[in-house]
Amino acid sequence: MASFAFSAGVGRYISPSNAMVSVNCENRSEGFSLGEGIFARKRDPRYSVITKVATQAPTMVPSLEKELAIDRNHVAWTSVRQERWEGELAVQGEIPLWLSGTYLRNGPGLWHIENYNFRHLFDGYAMLVGLHFENGRLIAGHRQIQSEAYKAAKKNNKLCYREFSEVPKPDNFLAYVGELANLFSGVSLTDNANTGVVRLGDGRVVCLTETQKGSIVVDPDTLETLGKFQYSDSLGGLIHSAHPIVTDTEFLTLLPDLLKPGYLVVRMEPGSNERKVIGRVDCRGGPAPGWVHSFPVTEHYVVVPEMPLRYCAQNLLRAEPTPLYKFEWHPDSKGFMHVMCKASGKIVASVEVPLYVTFHFINAYEEKDEDGRVTAVIADCCEHNADTSILEKLKLQNLRSSMGEDVLPDARVGRFVIPLDGSPYGKLEAALDPEEHGKGMDMCSINPAYLGKKYRYAYACGAERPCNFPNTLTKIDLFDKKAKNWYEEGAVPSEPFFVARPGATEEDDGVVISMVSEKNGDGYALLLDGSTFEEIARAKFPYGLPYGLHGCWVPKK
Ligand SMILES: CC(=O)/C=C/C=C(C)/C=C/C1=C(C)CCCC1(C)C
Ligand SMILES: CC(/C=C/C=O)=C\C=C\C=O
Ligand SMILES: [Fe+2]
């Protein structure tokens, strides 16, 4: 926590040129000194806080006019105003004294370059938020991740790398040909590590996205970008699962093979940058591997999903996004689940399952008979009823314009049952009535001690309808098949993240952390009791937070 000085109520606004402006958070409407003329004070009547605006245009800070135009949107879908901030937050309620460490949350934080607005939620440049908990106090901050893609956009005032849906415009035909070559070599792919953040067993903290080059090491205390995480092996490939499985002893991930459709299952040890192959799964459907944003593991197996939403080489080449972006829906190619033994790399089951669409697996475990023999693997995910329209719904235009409308497609806890007795088919059913969580759910976490084991509770974002986006926090009880929901009108909470109380013996003994973006432009960190799911504390940020994706916990050293 070295760089986060404890001084109650005082935050520091740090401009892109690193000039600092002190701000008293408890008396925000009073004056504060200007840092080298970068920021002028401006009171925005729609906010209870002072808004800072650029008086001389540092590149990535929007002008007042643009900012006001964007501000008509919910703060969840609004670019963050400054590159960096840190300060202590006033806490309402009580943060448990045992909660000692840093919650990091990654996600897109900036969706425009100059006048150009990005199209999709997943296009935004990565912003890391840190909540440092110690002795019941909370120091918070955010910082843009200094990816090559972000730095190049800032320097050239234009998009320079291929993002999820955005493609740089070549200046002429020669540039177009060069661009195609760059696509195949991976040079033009983004390294905008905007999806998640993990703490490796050796303590290094890495921000990740779907491209392998978008693996970026950060300092969890200062949120500073330290540099690229370079994989030292020669496994090649350009993409990987955005959600590796990370424990104190290993890092497991999947490398999709677009040329010979399949997946490499790989493992990396703490302290190493070298991934080693455990085994390979050949796809059973075609023409390309299914999208693997995430995958689950059990104690002995890696579960490799083969979703009928598949990568699509032609769509990769297109300048304009298709409704399914870089993917294509192939119901005729069917959906499969493969199970690989972690120790031997052998495939112990490969079954056809009903069509499905998921970004996020929740957990998996081995089902045993009375003699202790494993009969099936159970794998749970946030399943979108085999409907790919969720990708389109996450376009910023939709998120910004359809507030109040009930346009969020239904989703459920999809439970796969994968038999290990050689049967060719597996099952997929809802693990509980989706009405329990408002027929919407995604962005899940569990108690990490239950990874790969039979578990009872999942925390996720659910839906209080009408809504166009998940707007509740939900605690799902998979034994009683019930959910308990937290909701506040107009709020968009981010992924609920469970931190266990040291020494806990109950699965839900701990706290759930989320960050909430409010429709009035504010934002706060929220702590719920993991067991009762009641609020125990909240701490308001001096500015609204855009919606972020995934987080991790870094215990105090
Ligand atoms: C934020 C999130 O959840 C997903 C981000 C996905 C990205 C950045 C995907 C990037 C890709 C390309 C730029 C080309 C190759 C395919 C693909 C991995 C989808
Ligand atoms: C935010 C999201 C889906 C919400 C739908 O209900 C998915 C995010 C995926 C990337 O991490
Ligand atoms: Fe994700």
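Where does Thr474 lie? And which residues are closest to ligand 2?

Modeller: This is a predicted model, in which local features need pLDDT of at least 70 and side-chain atom pairs count only at pLDDT 80 or more, while totals for chains, interfaces and linings use all residues. Residues are numbered from 1 along each chain as its sequence is written, chains are lettered from A and ligands numbered from 1 in the order in which they are written, and side-chain values use heavy atoms, with hydrogens and water left out.

Thr474 lies in strand β32, residues 472-477 (strands are DSSP runs of E, at least two residues, numbered from the N terminus). Thr474 is buried, at 0% relative accessibility (buried means under 20% relative accessible area, with a 1.4 Å probe and protein chains only). The side chain of Thr474 makes a polar contact of 2.7 Å with the side chain of Asn485 (a pair of N or O atoms within 3.5 Å; within protein, one must be able to donate a hydrogen and the other to accept it, and residues adjacent in sequence count only if both atoms are side-chain atoms). Beyond four places in sequence, Thr474 is in contact with residues including His437, Tyr459, Cys461 and Phe533 (contact means heavy atoms within 4.5 Å).

Now the ligand. Ligand 2 is surrounded by 16 residues, with Phe122, His293, His360, Pro470 and His550 the closest (a residue is near if one of its heavy atoms lies within 4 Å). By class, the shell holds 10 nonpolar, 5 polar and 1 charged residues (Ala, Val, Leu, Ile, Met, Phe, Trp, Tyr, Cys and Pro count as nonpolar, Asp, Glu, Lys and Arg as charged, the others, Gly among them, as polar).

The iron ion, ligand 3, is coordinated through NE2 by His243, His293, His360 and His550, at 2.1 to 2.2 Å (donors are N, O and S atoms within 2.8 Å of the metal, 3.2 Å for Na, K and Ca; water is not among the atoms, and sites may look incomplete). Along the chain the donors follow the spacing H-x49-H-x66-H-x189-H. His360 and His550 are both buried.

Two further positions are worth a look. Asp123 sits in the loop between β10 (116-117) and β11 (125-134) and is buried, with a relative accessible area of 0%. The side chain of Asp123 makes a 2.6 Å polar contact with that of Ser165, and a polar atom of the Asp123 side chain lies 3.2 Å from the backbone nitrogen of Phe164. Pro108, in strand β8 (residues 108-110), is likewise buried at 0% relative accessible area. Beyond four places in sequence, Pro108 is in contact with residues including Leu121, Asn194, Tyr547 and Leu549.

Definitions and conventions: Buried < 20%, exposed > 50% of the residue type's maximum accessible area, 1.4 Å probe, protein only. Helix = DSSP H or I, 4+ residues; strand = E, 2+ residues; numbered from the N terminus.
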